[in-house]
Amino acid sequence: MKTLRTRNVAKAVIAAAIAATAIGGTAVAQASQVTGNGDHHTADTAVTDAFTAVDRNTAWQLTSRLKLDFPTFHTEGIAFTEDHIFLSSVEIIEPTVKFPSPQGGYDRTAGKGKGHLFVMDKAGKLQKDIVLGEGDMYHPGGIDFDGTNVWVPVAQYRPNSSSIVYRVDAKSLDVQKQFEVKDHFGGIVMDKQTGHLIGNTWGSRRFAEWTLKGKELSTWQNPDHFIDYQDCQYAANSKMLCAGVAALPQTPAAGGPSAKYNLGGVALIDSRTHTTLHSVPLQQWTANGGVATRNPFKMTADGNHLTMRVAPDNGGEGTDTEILTYEATVTPAR
């Protein structure tokens, strides 16, 4: 009888786990936390530990270039899974136009466009173009892969507007509209510690945390004005790595305010304490003159060896879009 009861309990637990996974992926994230599921947790911890040893003197070496042979438009976020490379992008059909003064709470027109989530094989060959968005919400942002799903926000191309959060199964490529939210959210991260989603608004001036059903749990102002985050990723223990760029005005001798200098960088952020733990400028430049962290970004680590993969250049910009790989070996603080 005891053996039978044990088997029944085990079957019930397995059935509950399968059902929870089908609901939306929350169980996957939480099970990884509870069981210490090795691969993803270990990788997240490694990149967190290694990044804290990065400084201005870290020697990044460009080790590979993967040229994409299809129209990529304006690239936004990137994610790497076992089988695929995912690249989010916005195709501008009609550019937004700034109003002389705000109208209806907006500082510009909605414009027109099409949101893309390109699915490639590991050689960069396009396998599928998933079109995302509705109406004025056509601008995908930075994306994150949680081990099961790719999370993609698609917003209006203007601040203080609205967004849709999508979940894409990384294997089947099935798309689920998760929820809509007020404001432009240009990036998203799945916190595998809590099973919650964290998004950043236009210019990454504000963060918000939601349940998978879109219930807002908290919101906070970004205390760091170093750069605007373009693409983020989860790192261990409710931390996230965010990369981006700040366009800074030049002196009159260098062309004045219209001649912008792009400062690139990466920051490690604690989503529990809402603080920046470590931030570093990264001045790697592309053949087109763009800073490496201005668009898609992801980082991995093997011990104290870091690999950073970026896709800074938009389609139609000289050499078009290439996925660039930079590597560096750091000395952890003692």
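Colleague: Which residue in E7 does Gly115 stand opposite?

Modeller: Leu132 is the residue in E7 that stands opposite Gly115. Before we go on, this is a predicted model, where local features need pLDDT of at least 70, side-chain atom pairs count only at pLDDT 80 or more, and totals for chains, interfaces and linings use all residues. Residues are numbered from 1 along each chain as its sequence is written, and side-chain values use heavy atoms, with hydrogens and water left out.

Start with the words. A strand is a DSSP run of type E with at least two residues, and a helix is a run of H or I with at least four; both are numbered from the N terminus. Two strands pair if DSSP finds at least two bridges between them. Strands of a sheet pair through backbone hydrogen bonds, either parallel or antiparallel.

Now E6, residues 112-120. E6 has an antiparallel partner in E7 (residues 126-132), with six bridges.

Compare an open sheet elsewhere. Its four strands run in the order E1-E23-E22-E21, with antiparallel pairing. Strand E1 (61-67) and strand E21 (297-302) are the edges, each pairing on one side only. The twist averages 20° from one strand to the next; axes are lines fitted to C-alpha atoms (for helices, over the stretch in contact), and angles run from 0 to 180 degrees between N-to-C directions. Inside the sheet, E22 (residues 305-310) and E23 (residues 322-329) share six bridges. Leu306 has Ala328 in E23 as its bridge partner.

Leu306 turns up again in the largest nonpolar core. Such a core is a set of buried Ala, Val, Leu, Ile, Met, Phe, Trp, Tyr and Cys residues joined through side-chain atoms within 4.5 Å. Buried means under 20% relative accessible area, with a 1.4 Å probe and protein chains only; exposed is over 50%, and partly exposed lies in between. This core has 25 residues, and among those with the most contacts inside it are Phe297, Met299, Leu306 and Met308. E21, E22 and E23 are among the elements that each supply at least two of its residues. Helix H3 (38-51) is another. H3 gives the largest share, four residues. In soluble globular proteins, nonpolar side chains tend to be buried together.
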